[in-house]
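I opened my notebook and loaded the model. These entries record what I looked up, one topic at a time.

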Amino acid sequence: MRDSNHPLQYQTQHSNHLKSKASLLKNQNKKRIAVSCAGRRWDLLPRPRIGVAIGDQILDLSVIKHLFTGPVLCEHQDVFDQPALNSFMGLGQAAWKEARASLQDLLSAGRARLRDDAELRKRAFTPQVSATMHLPATIGDYTDFYSSRQHATNVGLMFRGKESPLLPNWLHLPVGYHGRASSVVVSGTPIRRPVGQMRPDDSRPPVYGPCKLLDLELEMAFFVGPGNRLGEPIPISRAHEHIFGMVLMNDWSARDIQKWEYVPLGPFLGKSFGTTISPWVVPMDALLPFAVRGPEQDPQPLPYLRHDRPYAFDINLSVALKAAGCAQRPPLCPQHMYWTMLQQLTHHSVNGCNLRPGDLLASGTISGPEPESFGSMLELSWRGTKAIELGNGQTRKFLLDGDEVIITGHCQGDGYRVGFGQCTGKVLPALPPA
């Protein structure tokens with residue numbers, strides 16, 4: 001581990017100004033740690049378990065749970081026996097910090113407890129290549145926000161024109177919608193092209209069939225730690241206490257289905273068929289060294305949404321599209337999200353909505369000011385009016401069957417890197433319409 005200023009990354013899987021990559025680099029006398037959720041060893045119990053990524057290995061926390069003897073975790077060692085991170089997330093910041101400190105101590109070069117116990121090491125470590133990754137948490141609820149001003153402006157320009165690219169409420173509150181938790185899947189899960197209703201020609205009746213305008217959305221998301229009681233909002237001064245860590249996300253979108261259905265109530269079938277997240281969660285303590293101030297908010301938000309804490313994060317993001325032997329990796333720039341995670345969480349609960357450990361809240365598509373930094377093919381192809389060059393003579397406007405999307409992200413420190421791993425998914429053909 002590098003040092004106490006660069007905390008562990010919990011890998012189950014898990015951003016907003018944005019940059020991190022969650023495998024830990026290992027030097028002769030230094031180790032950096034990442035935490036992941038629920039890897040499974042082929043030769044042992046076939047149940048998901050909580051792990052920490054250390055170099056190319058995963059440290060199984062269920063095997064070393066007895067070594068967490070601090071004042072909080074000595075009474076809660078059982079959380080590391082669980083198949084997901086929800087129970088650990090729900091313990092709050094004191095437990096998270098204690099776990100990080102304990103792991104850093106156990107893995108430091110001068111500590112013999114784990115280093116000199118060959119049998120314990122054999123049981124505790126699993127090569128990452130031998131593990132199957134699972135969702136890091138049982139996701140009870142999933143909410144997707146719309147927090148990139150550039151993305152919202154681009155979409156507004158395409159569909160409403162220059163006169164009103166942003167709707168009147170956008171600069172006053174974090175716009176969002178309730179997504180479908182059951183179709184959130186871990187990186188590597190194929191995504192089936194959805195079938196539904198569309199109206200490609202506004203002068204003719206709608207048609208039914210496979211989506212023609214399948215899109216990706218570059219996003220980041222965070223997991224809720226401790227929740228709140230129904231009817232009791234979370235004040236923005238304490239919102240950071242409820243945010244556990246971050247993952248990469250691809251919120252797959254069927255643009256033609258979405259266009260026909262979204263009036264008057266918003267996203268439904270065009271969004272609910274698949275959302276992919278990375279399996280490794282990077283805890284907020286690991287990201288705090290990369291915290292920066294977001295853009296100035298004008299008009300100033302209402303008092304319940306104001307905060308002085310720097311809570312945007314300098315995260316480098318990129319997207320690769322693998323298609324028939326060629327890979328296109330647009331150079332995406334780090335972005336300041338207009339609305340912070342603190343504001344998203346506070347606004348979500350202001351009406352008394354009760355959040356719970358493991359709930360997933362996403363950023364919405366992250367786009368920058370330049371075309372090469374746009375976070376969706378809707379923007380890159382500007383609503384399908386221009387082709388995206390992939391090389392080898394291939395172009396795309398939207399995704400085709402067989403295309404694979406790979407999202408990566410990392411925070412770059414002075415001589416070290418904090419990474420999120422990968423968020424990948426391959427498009428499968430639609431099933432024949434019923």
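With which side chain does the side chain of Arg396 make a polar contact of 2.9 Å? I found that the partner is the side chain of Asp403. A polar contact here is a pair of N or O atoms within 3.5 Å; within protein, one must be able to donate a hydrogen and the other to accept it, and residues adjacent in sequence count only if both atoms are side-chain atoms.

**Ground rules**

I noted that this is a predicted model, where local features need pLDDT of at least 70, side-chain atom pairs count only at pLDDT 80 or more, and totals for chains, interfaces and linings use all residues. Residues are numbered from 1 along each chain as its sequence is written, and side-chain values use heavy atoms, with hydrogens and water left out.

**Arg396**

I placed Arg396 in strand β24, residues 394-396. Helices (H or I, at least four residues) and strands (E, at least two) are DSSP runs, numbered from the N terminus. I then looked up a further polar contact, and Arg396 joins Gln394 side chain to side chain at 3.4 Å. Arg396 has a relative accessible area of 9%, so it counts as buried. Buried means under 20% relative accessible area, exposed over 50%, and partly exposed in between (1.4 Å probe, protein chains only). I also listed what Arg396 touches, leaving out residues up to four places away in sequence: Leu321, Ala323, Met377, Ala387, Ile388, Leu390 and Asp403. Contact means heavy atoms within 4.5 Å.

**The largest pocket**

How much space lies in the largest pocket? I read off about 1,100 Å³. A pocket is found on a 1 Å grid over the protein atoms alone: it is an open set of points where a 1.4 Å probe fits, with protein on both sides within 12 Å along at least five of seven lines, and lining residues have an atom within 4 Å of a point. Grid points are joined across faces, edges and corners, and the volume is the space filled by probe spheres set on the points.

I counted 43 lining residues, and the closest to the pocket's centre are Tyr146, Val155, Gln258, Tyr262 and Pro267. By class, the lining has 23 nonpolar, 8 polar and 12 charged residues. Ala, Val, Leu, Ile, Met, Phe, Trp, Tyr, Cys and Pro count as nonpolar, Asp, Glu, Lys and Arg as charged, and the others, Gly among them, as polar.

Which element gives the most to this lining? I found α6, with 5 residues. At least two residues each come from β6 (142-145), α5 (149-159), β7 (176-178) and α6 (255-261).

**The annotated site**

I checked the UniProt record next. Its unreviewed entry marks Asp251, Lys271 and Thr275 as "binding site". Such annotations may be inferred rather than shown by experiment. These residues span 25 residues in sequence, yet no two of their C-alpha atoms are more than 7.9 Å apart, so they gather at one spot. Of these residues, Lys271 is included in the lining of the largest pocket.

Lys271 sits in the loop between α6 and β16 (275-277). Is Lys271 buried or exposed? I found Lys271 buried, at 8% relative accessible area. Its side chain makes a polar contact of 2.7 Å with the side chain of Ser253. Beyond four places in sequence, Lys271 touches several residues, including Tyr177, Glu217 and Asp251.

Thr275 lies in strand β16. I read a relative accessible area of 0%, so Thr275 is buried. Among the residues that Thr275 touches are Tyr142, Met249 and Asp251.

**His178**

I moved to His178, in strand β7. His178 is exposed, with a relative accessible area of 60%. His178 and Asp144 are 34 residues apart in sequence, but their C-alpha atoms are 6.4 Å apart in space. Not counting residues up to four places away, His178 touches Tyr142, Thr143 and His348.

How many of the 9 residues of α8 (341-349) are buried? I found 9 of the 9, so α8 is largely enclosed by the rest of the structure.

In α5, the buried residues include His151, Val155 and Met158. What covers the buried residues of α5 includes α9 (377-380). Just after α5, Gly161 takes a positive phi of about 90 degrees.
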